[in-house]
Each structure stands twice: as structure tokens, then as C-alpha cells.
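This briefing concerns the structure shown below. Please keep the sequence and the model in view while reading the points that follow.

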Amino acid sequence: MHSTLVRAQTVFGFFTTVAFCVAALIALSDFVSPQTPSADVKLRNVQVVRGRPNYYSTKKEEYAHIKFDLDTALGVLHLQNQRPKYQITDYTGKVANRSDVVLELGWNVQPWVGALTWRGWRDWGVWKGLKGGMTERFEFPGIKERVKVRKEDLGTAKGGEGNRGKPA
Amino acid sequence: MLNLSSLQPRQLAAQILNFALVLSTAFMLWKGLSVATDSPSPIVVVLSGSMEPAFQRGDLLFLWNRGQDTQIGEVVVYNVRGKDIPIVHRVVRRFGGGSSPLRLLTKGDNNAADDTELYARGQSFLNRQKDVIGSVVGYIPFVGYVTILLSEYPWLKTVMLGLMGLTVVLQRE
């Protein structure tokens, strides 16, 4: 039978087959393109201050402000979303005078389609492990005494309140 | 040709059986995938833009829930206790593990703050074993958008079911 419906079905079926084959090829191409990432992370300056996780919170935590130099050669990878606003603390909320701190570079490769991959230290197929990308061990200093800390230094994002708590 | 009364009862029964076969196969595949990945919901659709630019609304994600030593930087899907909405966010902090349960703090890439406000009352960290239903390992863009359409315009469900039923019943070999 060659009714319109059957033709439409055939065309749509062919379209999805081709689309999925192309997507599969794209996904597989990831694993045959060589990666030779290398990076250099150098610590410049650390401070520890007291602050709150957000404007409405009553919880006091200690945050580390870390300044560092990052030099990367990631090859074919494009960088996105390297926003530096993450709060550096832990579940105890106390990070002053903490020892054995290491800065480590990590990333997540977001594919056009296919498998998500993360930074690797070891060679895997045509992908080389990351060279460098880690600092020496260092120590957090004591709490910096309050000398008029400006609001943006506390990491309380102003105007970001409306963008909080959206699911998924 | 499109006349129900012209169908033989045997033919009609065969069509219904065929339909049942399609449904049960899909169900079996879904449950099989669930067992293989150890996740109650191995494929999820991204419902909001909180993980942009990595994931957009309607993207299809494949989860894996074996080997529960989740690292920082992984993207996990979790259910908030008492609510049934799966949330896809990135792990930004972890502690515990080993003898004590592994705890995670998550944050949407596109959100200003971490998820502490999103969790159940009094909860400030996720329990890896109890709350998380899987870690994202695969990604297909946009394909899941149809489910968002279906949930936002419920009448589309009726239309689609009706159309599916009609084509199956009226289709002849």
C-alpha cells in the first residue's frame, strides 16, 4: 500500500535511522581523537574569612579565598562554565589552619552526543593522562581579622537569590 | 479500508495481541535496563535549565548506579525526600564514605548557590545510597523534549494514545 500515511511513516523511520547512525558516529569519534592535556597550577595567595552561605542564612562558615595561576593546554577541548564563584569550605565549616591542602585541576567533557568523560590521570587508548595540574601541599592560614570585608568578597552572590532552588 | 466492521474477529485479536507485545517488550527493556544499571530510573529527561550550558531542557540522560564511590565533578540525579521530582545537579563537595555513608553536596552549574535550600527540611547533604538514583554517563540532546510537552499539555497524551490505538487497530499486514 502506498497511502500518504505509509509514506510519511517510511520517511520518518528513515530520518530517525540516519539521525541515530550519525549520532553514534559522533559519539564514537570521541574515542579515536587523541588528547594530550597538560596543565600547570600555581598557588599565589590564600586567605580565610568568615561568612554565610547565602544572604538569608544564619549559618556562619569559614571560607578560603584562593588566588592561583592556571596554565592549560587541553588541545581540542573547549572551555566553558569556568565560573570562579564556588565557596571553598567543608561540612565542618572550619577551614582555618587546615594543612595538606592541594589544588587539583579537573574537568568534565560534555559531548555533542554520547558518553560524558572526566579528567584522567592515566593513559586510556589514544587519550594521554593529565600532566601536572596539581599544586604542592600547602596550609590554610588563620582567620583574617575583619578589616571591612566587602560584600562580594564573602561570596554572597547579590541578585542571585531568584536563581536559587530551581529543581533539576 | 478504514472500517472496523470489515475486520475479522481473528484479525482484530491478532492486532490487540500485537499491541500488547509491543507494550510488554518496552516494559521489559525498561526493567532490564533498571537491573543492569541498578537504578530505579536509568533514563531521565532534564526538566529545567539549572545545568546549562551542559544540559538543556529536554535532553536525555543515561544513568549508572553501580560503584557508588561518587567523585566531585560527577553529575548525579537525586530525589528530594518526600518529593518525587528527579533533580540533575553536579557534586561539588563530598565527605564520609568507607564505614560511614558517603555524603554529597550538589549544585546546578547555572545556579548561584548550592542545593542546601532544595533539600528536605533539616537536611544539608545528600546520602549517596539513599537519595541518589544514578550518576550521568551518557547524553543525547533534545530527544526527551516530547515528554516535557506531554507533561505541560496533558491533552496531547489523549491525542497520542488515541492515534496510536487507531493506527495499530486499523493497520493491516
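## Strand pairing in chain A

Asn45(A) has Lys67(A), in strand 2 of chain A, as its bridge partner. The model is a predicted one, in which local features need pLDDT of at least 70, side-chain atom pairs count only at pLDDT 80 or more, and totals for chains, interfaces and linings use all residues. Residues are numbered from 1 along each chain as its sequence is written, and chains are lettered from A and ligands numbered from 1 in the order in which they are written.

**The sheet of chain A**

- Strand 1 (residues 38-51) and strand 2 of chain A run antiparallel and are joined by 13 bridges. Helices (H or I, at least four residues) and strands (E, at least two) are DSSP runs, numbered from the N terminus, and two strands pair if DSSP finds at least two bridges between them.
- An open sheet of three strands in chain A has the order 2-1-6, with mixed pairing.
- Strand 2 (61-73) and strand 6 (131-132) of chain A are at the edges with a single partner strand each, so one side of each has no neighbour in the sheet.

**Contact between the chains**

- Chain A contributes 25 residues to the contact and chain B contributes 29 residues; two residues are in contact if their C-beta atoms, placed from the backbone, lie within 7 Å.
- On the side of chain A that touches chain B, 12 residues are nonpolar, 10 polar and three charged. Ala, Val, Leu, Ile, Met, Phe, Trp, Tyr, Cys and Pro count as nonpolar, Asp, Glu, Lys and Arg as charged, and the others, Gly among them, as polar.
- Strand 4 (residues 114-115) of chain A pairs with strand 7 (residues 132-140) of chain B in the antiparallel sense, over two bridges.
- Ala115(A) is opposite Gly138(B), which belongs to strand 7 of chain B.

**Architecture of chain B**

- Chain B contains four helices and seven strands, and its pattern along the sequence is α-β-β-β-β-β-β-α-β-α-α.
- The C-alpha trace of chain B spans about 70 × 30 × 30 Å along its principal axes.
- Chain B comprises domain 1 (4-37 + 154-168) and domain 2 (43-145), with bounds from an automatic or database domain assignment.
- The centres of domain 1 of chain B and domain 2 of chain B, taken over C-alpha atoms, are 33 Å apart.
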